[in-house]
Amino acid sequence: MSVELRSEHDEPTRPRTSDATIKALVRRLTDRDRRIMHLVWRHRVLTTNQLAALGWNSYNTAKQRLSRLYELRALDRIRPFTHHGTSPWHYLLDTPGAEILAAEEGLTLQAMGYQRSKALAGATSSNLAHRLGVNQFFVDLQAHTRNEDHDAHLHWQTEAECADIWGDICLLYTSTLPTTPYV
């Protein structure tokens, strides 16, 4: 089962990437924009609220800058369908943004592992709620460490990064857990 998209997002297409698009984007990116792009790439999808907590002190400023990053094609966004109210924008890395991140690392898009179709699939998959929940835990920790009163240095690894490091050890551990709760 996949997440439904709002009607205006049935076919989330963007214009093809051009050299002019990338050059315009590179000229307008700040260090914070690059950090946000890296975070979105690592975590695959982050909401407006999550990104605001990670990079800004003001929600309105975050909304404006994220909207601009969308217009510049650094990020793409979707808004999953909900029966009540509206859901926040869900941001993912757009192709020009991925090309810039790949070039900064001396990689091609293929070597980086970016495919637009996979980025969209991850943002609309049935495990979106799980991914956003895990990402929210990271966001809460990271936002807490942004406070000057805390001298914490958070080193977070995503679920995919942990799987790359430890493979199926997590699956082995969870399969040995008791199926009935302790009394």
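I began with Thr95, which at 15% relative accessibility counts as buried (buried means under 20% relative accessible area, exposed over 50%, partly exposed in between, with a 1.4 Å probe and protein chains only). I noted that this is a predicted model, in which local features need pLDDT of at least 70 and side-chain atom pairs count only at pLDDT 80 or more, while totals for chains, interfaces and linings use all residues. Residues are numbered from 1 along each chain as its sequence is written, and side-chain values use heavy atoms, with hydrogens and water left out.

I then listed what Thr95 touches: leaving out residues up to four places away in sequence, I found Thr17, Leu109, Tyr114 and Arg116 (contact means heavy atoms within 4.5 Å).

Next I looked up Asp76, which is buried with a relative accessible area of 3%, and whose side chain is joined to that of Arg116 by a polar contact of 2.7 Å. A polar contact is a pair of N or O atoms within 3.5 Å; within protein, one must be able to donate a hydrogen and the other to accept it, and residues adjacent in sequence count only if both atoms are side-chain atoms.

I turned to Leu93 and, setting aside its neighbours within four places in sequence, found it in contact with several residues, including Asp76, Leu75, Met112 and Tyr114.

Last, I checked the place of Thr95, which lies in helix α5 (residues 95-104), and that of Asp76, which is in strand β2 (residues 75-78); helices (H or I, at least four residues) and strands (E, at least two) are DSSP runs, numbered from the N terminus.
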